[in-house]
Number of protein chains: 2
Amino acid sequence: MSKFDVVAIGNAMVDVLAHEDDAFVVAANVERGSMSLVDEQRSDEIYALMSPSVEISGGSAGNTAAGIASFGGKVAYIGRVADDTFGKVFAHDLRNIGVTFESPLATDGLPTGRCLVIVTPDAQRTMCTYLGAGAELDVSYIDEAVIEGAAVTFVEGYVWDPPPAKDAVRHAAVVAHRAGNKVAMTLSDPFCVERHRSEFLQLVEHHVDILFANELEITSLYEVDSFDNALQRVRAHCDIAALTRGPRGSLIIAGDEVHVIDAAPTTVVDTTGAGDLYAAGFLYGLTHDLGLAHSGRLASLAAAEVISHLGARPEVNLAELAGL
Amino acid sequence: MSKFDVVAIGNAMVDVLAHEDDAFVVAANVERGSMSLVDEQRSDEIYALMSPSVEISGGSAGNTAAGIASFGGKVAYIGRVADDTFGKVFAHDLRNIGVTFESPLATDGLPTGRCLVIVTPDAQRTMCTYLGAGAELDVSYIDEAVIEGAAVTFVEGYVWDPPPAKDAVRHAAVVAHRAGNKVAMTLSDPFCVERHRSEFLQLVEHHVDILFANELEITSLYEVDSFDNALQRVRAHCDIAALTRGPRGSLIIAGDEVHVIDAAPTTVVDTTGAGDLYAAGFLYGLTHDLGLAHSGRLASLAAAEVISHLGARPEVNLAELAGL
C-alpha cells in the first residue's frame, strides 16, 4: 500500500475573488475565461480596480489536493510559497483539510503568489496570476521519498510557465515511473497549451499515464477542430484520458474502454476550480479501485460542488457528499 | 449638506472564517456567540486548529461603513491597520466599495488585527479577536474635518477595549457635537458591555444620540432582567434607540415614537455582521430622511442579506436590493 494516493505539484497561490461585470474584463484587457500571467505591478493595478474581494487558498493542483483530502484520500502537495501572510494561509488551509505539505516556506525573495479571479455574471472566471514565490519552484522541492510513496504523481500544466519547475516535474516523473507509479497531468488552460504545445505533446506522448483536459485544451494540443478528432489522437498516447466538456459532461477513455459521464446537477455560481475538483474526484476513485465510471461520477460530483459557490476549494466534506 | 452621511470609527481587522462543529468552540475555550479578545499567540494557536478558512475584511464599524456605501451613502471610516497584506486587503475592500478611508497604514509595530470567526452548524458565530495594529488607534487618527463634515459619527463599543481609543472616541464625540452633528454608538457585545459598563452608561447618558444594542447588551448595560425594563431605561437617555432581537425583529424608540420592525426573511448561514449591517441600513435611512420605520426596514433588509452568506460584508448592492 502506498503512503500517499496522490502527490500533487503545482503553482501555489492564494485566490482573490470578486464579482465584476463584463466591462471589467474588457477594461482589464485580459483573456476572458482564461488564465493570464501578470507581473506584480500589473496585478496591483488590476487589484486596485477590483470590487471588495474574498481571499481563499487556491492554486490548481492545490485545489485538487484539497479535494482528494476531502474525499478521505491520502495526499501530499509540493509547491512554493513565501513565509508571509498568504503563504501561511495557504499552508494552513492545505494542512487543516488533511493534505501533507512539507515544502519549506521561503524566507527570502518574492511574496506568495496570488491569482486575481474575476467572476462575471455568467459565473465564468477570468484569472490574472502573479506567480511570486511560486516562480522559483525547482528540483530541490521534489522530495523523492514522497514521489516514490505516491501511487500517482499529479502535475498541473501551469507549472510549465515558471522555467525552473519544468526540470522539477520531469525529475518527479522519472522518479515516479522508476518506482512503478503513475504520472497524471492536466493541460490546465488553452493558452497554457499554446505557450507550451510542443513540450506538452512530448509529455503526453512519453511521460503522462493519466491526462485531464477540457475540450478547448485537447483540441488546441493537437491543433484539430473537433473534439472527436482530438479524442482519436489522445487515446493512442495515454493509458487514461479524462476529457471534460463543462455542462455537457465528460468522457473517459482507456484503451478500448469508454465511459460517458454526465455533469452533476447544480446551480453555477463560480466556475473557478471545476477542472481541479474533477481531477480530485477522479484520482480519488482511481486510487481506491472504484473503476473508471464510478471515478468519473465522483469527479462530476466534486466539480458540481465547487462551482456552486465562490472559491475553488470544497465547502463541504466530499466523502459525505458522495455517500462514501 | 454634509460631506459625509456617516463617519465610522472602529477596530479595523480582517476576518478569518471557518465552519466548525460545536466541540471546537468548547475545545477553544472561548465564549460561544461572543467576541473574546486574544493575544497573538493564542490567535495563532486557535488558527492552527481551524478548518480551511476564508479571509474577508471585517471589523464591526468597517462592516457598517461598507453597508452604508453599498446603500449609496457617503461614508468615511477611521481605524488603524498596518501596511501589510491584511492591511492592504482591508483598505482595498473599504475603498473599492466607496468608503473614504484615509487613516495612514502603520509602517511599524504590530500587524493588522485579525478576527477568527468560528461558525457553528446553528449559524451562530464565535469570535476571537487579536487587535494587532488596531490596539494603537489614538486621538491622532481623529480627523476633525471629517467628523465636522459628517452628519453622524458612529462608534463601535469594541473600541473601548484598546485604551488609547477611548480618548479618540471621546474627542470625536466632542467635535461632532460642537459641529451640531449626531453621535451614534453600538454596544457591540454583551461581554464588552460587562468590561466597560460604567463608562458605557456614562456615554449613553451624556454623549450618545443614537444607540444600537441587542437584547443581551441592553439588559446587561442596565443590569435588568427584561427587555422591557431596559427599554424604559434607555428611552430617557438617547434621542433614538434601535434595539434588536435577532429573528424576533427590532424595536425603534425615539421619545414617544415607537416602531416595531420585523426581521426580514432569509436563510441563515452565518450571523456574523448582523448587527453591523442593521446599523448600516438604519443610519443610511436616517441620514436620508426616510423616517424611523423605513430606516428600520432597511436595517432589517441589510441584516438579512449579510446573514445569508459567510462573511460580514454585503455580497450584493444594497441599494438595488432595497429598490432605492
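Two strands are taken to pair if DSSP finds at least two bridges between them, and strands (E, at least two residues) and helices (H or I, at least four) are DSSP runs numbered from the N terminus. The model is predicted, so local features need pLDDT of at least 70 and side-chain atom pairs count only at pLDDT 80 or more, while totals for chains, interfaces and linings use all residues. Residues are numbered from 1 along each chain as its sequence is written, and chains are lettered from A and ligands numbered from 1 in the order in which they are written.

**Exercise 1. Characterise the packing of H11(B) against H12(B).**

Step 1. Helix H11 (residues 274–287) and helix H12 (residues 292–306), both of chain B, pack at an angle of about 150° with their axes 7 Å apart; axes are lines fitted to C-alpha atoms, for helices over the stretch in contact, and angles run from 0 to 180 degrees between N-to-C directions.
Step 2. H11(B) is therefore roughly antiparallel to H12(B), a term for angles over 145 degrees.
Step 3. Among the residues that make the contact are Leu277(B) and Phe282(B) of H11(B), together with Leu298(B) and Ala302(B) of H12(B); contact requires C-beta atoms, placed from the backbone, to lie within 7 Å.
Step 4. By class, this contact of H11(B) with H12(B) has 13 nonpolar, five polar and one charged residues, where Ala, Val, Leu, Ile, Met, Phe, Trp, Tyr, Cys and Pro count as nonpolar, Asp, Glu, Lys and Arg as charged, and the others, Gly among them, as polar.

**Exercise 2. Determine how chain A is related to chain B, and what the side of chain A that touches chain B consists of.**

Step 1. In the interface, 20 residues of chain A are in contact with 20 residues of chain B, and the largest share of the side of chain A, five residues, comes from H4(A).
Step 2. The residues of that side of chain A divide into nine nonpolar, seven polar and four charged.
Step 3. Because 100% of the interface residues of chain A are also interface residues in chain B, the copies meet through the same surface.

Terms used
Least-squares fit on C-alpha atoms with pLDDT ≥ 70 in both. Contact = placed C-beta atoms within 7 Å. Parallel < 35°, antiparallel > 145°, perpendicular 65-115°, else oblique.
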